Amino acid sequence: MTDTTDEQGHEGALAVPESAVWLKGQLLEIASALSPDRRPVVVREWTDSVRLRDPAPVGHRFLFLVCVSGDDRPSSPGFDDVLNAFTVAGWNAHQRSLSHPGESWATARREDFEVKVYEGNGPGILTFTGWTPVVYTERQLGQPPFTLSTASGVLCDDCHGWGVCLLCEGRAYSGGSGGYGRCWCVANNAGPGKCVECAGRGFLTPKAVSWKRKQYGLPDADGGDAFPQPPAEDGHDSNTSAFTDVSQRSCACGEFRCFWRNILSEADDHLLSRFAGTCQGCAAQRAYAFTLPLP
Ligand SMILES: [Zn+2]
Ligand SMILES: [Zn+2]
Ligand SMILES: [Zn+2]
């Protein structure tokens, strides 16, 4: 069941750790409890590789994107019910502040596992994005603050989400035994051991993001809060099906990782489902729209 094809430049089957099997089971169980008349859909499963200075990964995180039910949802669970379902299953769920009217999101944690719960406007898609802690192959390192899929932005090119200087791995003073005494990062503004590029954040600053957009020939402005209105496509009969399609598509930069928002609205004799998100690779604004039949 591993989807190692998602890893650019990484070949070969990864052993699926018990943690990944457990998490997938939990997500499906919670989703089934919420919507007993519909089968939850695992829309995508993938891995985030974790690396230090060398391009070869030192570990992986396993992720699952589960869609509870996409369209009409006649017996639609309220968002409180969703959070309850996680709580009952032993998770610590917290609703996050509403940044977009009609949309809801929350985080649920259990030990080193985390789930991002999202419900679109309309009601649009209801999804769980769950991830395991990073599983290391040899050196057992601590958990990085972010990996590609979990950063609320674009990962820093220099530290790959660690936030620390990878020359010294955050140990800016070696006491001389390591042969260098002080790492050059000691002199940086963010402080000893911190990544110079992102000042220890792990992901790019807004300024660095606009620089990156320029590198990719993208417009600097992101259109503010207006939800994009791309031309609508046909060919799907449910929002789940449309979302499954969207989640398989890649950005022009090659990256597919993107946290999708969704608005479902009624228009004349059909439904209009709109998806939008920011690419986790190049910060491009991505958007798709689909016409769906009325329920
Ligand atoms: Zn950095
Ligand atoms: Zn350093
Ligand atoms: Zn991109």
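This is a predicted model: local features need pLDDT of at least 70, side-chain atom pairs count only at pLDDT 80 or more; totals for chains, interfaces and linings use all residues.
Student: Okay, which residues of α2 are buried?
Tutor: Helix α2 spans residues 79-88, and its buried residues are F79, V82, L83, A85 and F86. They sit on the same side of α2, because they cover an arc of only 155° around the axis.

Student: And what's on the face turned away from the buried side?
Tutor: That face of α2 carries the exposed residues D80 and V88.

Student: What covers the buried residues of α2?
Tutor: The cover includes α1 (18-34) along with the strands β3 (92-95), β4 (104-110), β5 (113-119) and β6 (126-131).

Student: Which residue just after α2 takes a positive phi?
Tutor: That's G90, with a phi of about 95°.

Student: Switching to the zinc ion, ligand 2: what are its protein donors?
Tutor: The SG atoms of C165, C168, C183 and C185, which lie 2.2 to 2.3 Å from the zinc ion. Along the chain, the donors follow the spacing C-x2-C-x14-C-x1-C.

Student: Where do C168 and C183 lie?
Tutor: Both C168 and C183 are in the loop between β7 (135-136) and α3 (206-215), so the pair ties together parts that are 15 residues apart in sequence.

Student: Are those two buried or exposed?
Tutor: C168 counts as buried at 3% relative accessibility, and C183 is buried too, at 8%.

Key
Residues are numbered from 1 along each chain as its sequence is written. Chains are lettered from A and ligands numbered from 1 in the order in which they are written. Side-chain values use heavy atoms; hydrogens and water are left out. Buried means under 20% relative accessible area, exposed over 50%, partly exposed in between (1.4 Å probe, protein chains only). Helices (H or I, at least four residues) and strands (E, at least two) are DSSP runs, numbered from the N terminus. The arc is that of the directions from the helix axis to the C-beta atoms. Contact means heavy atoms within 4.5 Å. Donors are N, O and S atoms within 2.8 Å of the metal (3.2 Å for Na, K and Ca); water is not among the atoms, so sites may look incomplete.
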